[in-house]
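Have the 3D view open as you read.

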Amino acid sequence: MCGIIGITSLTDKNLAQITVSCLEKLEYRGYDSVGVASLQGSILEVRKAKGTVKEVVQKKNILSMRGNVFLGHTRWATHGPPSDYNAHPHTDCSNSIAVIHNGTLKNFKELKESLIALGHIFRSETDTEVIPHLIEEYRKKGFDTFTAFKKAVLDLEGSYAILAIVKGENRIYFAKKDNPLVIGMGEGTNFVASDIPAFLDYTKKVVIINDGELGYVTPTSIYIEDLRGNVIDVTKRIRIIDWDAQAASKEGYPHFMLKEIHESARAINDTINGLLSETELVEEITERLKGSDRIIVIAAGTSYHAGLYFTILLNRLGYTALPVIASEYYNINAKRGDSVIAISQSGETIDVLMGIRKMKEKGATIISITNVIDSAISRESDYKLYMRAGPEIGVAATKTFSSQLAVLLFLYAYLAKIDYKELLSAPEVIKNSISLGEGIAKKVGEELALQKSVYYLGRGLSLPLAMEGALKIKEIAYVHAEAYPAGESKHGPIALVEKGYPVVFINDGELTDLLENNLHEMKARGAKTYAISVNKRLGAETEILIKVDKDILSPFAISPIIQLIAYYASTAKSLDPDRPRNLAKTVTVE
Ligand code: M6R
């Protein structure tokens with residue numbers, strides 16, 4: 001959570017503008033408050049306030065700021081509510097050091113108390129503010145700035161991606177642990193940011209910073225060392241990213257979410273082509289899975305639903321597969337002989353990271369499926385598969401859900417000895433589903449937007465898709481939604497059903513006869529019924545029916561429709577689906 005950007009350049013030309021454009025790309029990581037620091041020689045200025053990037057840029061006239069070094073921060077509040085004074089950057093007592101931070105510091109209270117005892121004055125409720133004061137304290141003791149920065153970092157317990165600037169120095173100090181940080185190398189201008197899309201308009205040359213590393217960037221150089229002081233050879237780390245800047249822009253769509261749903265066909269095409277280029281790795285992974293005592297699938301949110309889909313398939317094949325909600329990882333006793341599949345779009349979700357660390361310690365083999373290359377989760381895995389869906393900016397996961405399913409179904413095809421070529425028409429299925437279903441999905445979304453609560457019911461493989469439908473409409477349209485196994489609905493949930501109560505059935509065509517019984521039960525109680533059906537009509541009042549010629553393709557017919565329903569429910573309420581309240585794209589706090 002929180003987006004951070006630092007820029008250091010040989011020139012001050014357009015730097016405020018560039019910082020703002022990077023902040024706009026990072027805003028999906030948090031949007032409670034925004035702040036910018038500029039530094040020119042010995043003039044350090046901080047402007048910050050509660051609000052969105054657009055609001056704060058205008059209110060604080062950010063574009064008039066001048067300097068060769070800039071820091072920008074967009075916040076998702078953890079310690080201290082969203083407010084002007086809790087917004088980052090935070091400074092030391094003499095306003096000579098400015099710091100931005102993503103993460104949480106477990107020991108900030110103790111540090112703050114000891115700093116206050118030494119006479120430091122605090123101006124916010126944040127954990128972050130201890131950092132500039134610690135650096136100040138060590139500098140007062142006579143250490144040079146980098147040593148003072150290192151000592152301050154060593155005092156911290158918790159997770160962090162930190163950027164710091166100091167009056168009179170044209171460089172940005174950085175440190176990383178458990179939160180993402182990446183350097184972008186430009187011509188006479190270097191960037192340090194939470195993620196690559198932030199600076200993709202300016203450079204594709206990147207250096208990923210690993211956990212426990214710190215250092216500094218100047219406009220023309222990069223220095224990195226690990227916490228033991230070993231100097232890292234940066235030249236070996238440079239990578240050229242093949243995402244284009246266009247992929248991180250809306251390209252005429254009103255929202256990223258809609259653009260990304262429409263990009264799903266392209267995304268899974270790239271996903272499948274990527275897998276076809278590494279079939280040896282896929283074979284190695286599936287052989288490993290075949291020999292595993294248990295297959296533990298760990299993920300959060302949407303990624304969990306993709307994982308649940310996969311575990312149903314695995315269990316049907318005779319494997320012992322266990323779906324684990326990442327934040328409950330401590331309940332699982334993994335052991336040597338188990339394989340763990342970690343699924344995460346961002347590759348940074350802290351609960352997934354903590355879960356795989358614990359299971360790895362116990363001897364399990366970790367296989368990751370992520371979208372962001374070289375993310376923390378992929379780096380800590382024994383085997384890594386990538387979705388290659390391209391950057392996903394909307395907070396709601398859409399094209400990456402379809403891409404996750406594509407990767408998992410590819411593995412399943414190998415395990416079940418189904419010809420994986422059956423998956424090659426998945427992009428066509430998505431396109432067809434959108435072109436047939438978008439109009440009705442809009443109508444359904446607009447109707448559901450008026451409701452207080454809705455059930456999503458499914459059976460078998462339709463259940464994880466029903467869960468995903470409910471999550472989507474909840475998170476971006478703020479309509480309370482609950483997903484249930486359709487048969488289980490008689491054991492409690494049906495009590496809420498009265499005339500006009502909306503029930504959405506997800507019917508992938510496999511268990512249509514059983515679902516039909518549930519539909520009648522709901523209709524008999526006055527429910528307003530909707531269905532998203534594949535191949536077999538269910539008989540709901542409003543129904544979208546999509547035909548596919550292979551069972552393995554059915555989730556690709558359903559996933560864009562549940563996403564479009566949520567999207568149109570959100571826009572019908574004039575909400576911003578890209579920035580749902582209280583949420584951030586990447587959850588890096590436990
Ligand atoms: O990056 P991850 O896939 O690990 O993220 C997991 C969840 O935070 C994420 O899927 C979240 O539920 C989305 N906002 C759902 O649309």
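In this predicted model, helix H8 meets helix H12 through Thr279, Val282, Glu283, Ile285, Thr286, Leu289 and Lys290 on the H8 side, and through Phe410, Leu411, Tyr414 and Leu415 on the H12 side. Sorted by class, this contact has seven nonpolar, two polar and two charged residues.

**How the two helices cross**
- H8 spans residues 279–290 and H12 spans residues 399–416; they pack at an angle of about 65 degrees, with axes 10 Å apart.
- The crossing of H8 past H12 is right-handed.

**Aromatic pairs**
- Searching the whole structure gives 16 aromatic pairs.
- One of them joins Phe146 and Tyr223 edge-to-face, at 5.8 Å centre to centre and with 85 degrees between the planes.
- Phe146 belongs to helix H5 (residues 145–155) and Tyr223 to strand E13 (residues 222–226), so this pair ties together parts that are 77 residues apart in sequence.
- Phe146 has a relative accessible area of 11% and is therefore buried, while Tyr223, at 22%, counts as partly exposed.
- Tyr567 and Tyr568 also form an edge-to-face pair, with 4.9 Å centre to centre and 80 degrees between the planes; both residues are buried.

**An aromatic cluster**
- Phe146 and Tyr223 turn up again here: together with Phe149, Tyr173 and Tyr216 they form one aromatic cluster.

**Charges over rings**
- Arg581 places its charged end over the ring of Tyr478, 3.8 Å from the ring's centre.
- Lys421 lies over the face of Tyr420, at 5.5 Å from the ring centre.

Conventions. Residues numbered from 1 in each chain as written. Predicted model: local features only at pLDDT ≥ 70, side-chain atom pairs only at ≥ 80, totals over all residues. Heavy atoms only, no water. Axes fitted to C-alpha atoms, helices over the stretch in contact; angles between N-to-C directions. Helix = DSSP H or I, 4+ residues; strand = E, 2+ residues; numbered from the N terminus. Left-handed = near helix turned anticlockwise from the far one by under 90°. Contact = heavy atoms within 4.5 Å. Nonpolar A, V, L, I, M, F, W, Y, C, P; charged D, E, K, R; others polar. Phe/Tyr/Trp six-rings, centres within 6.5 Å; stacked < 30°, edge-to-face > 60°. Buried < 20%, exposed > 50% of the residue type's maximum accessible area, 1.4 Å probe, protein only. Lys NZ or Arg CZ within 6 Å of the ring centre and 35° of its normal.
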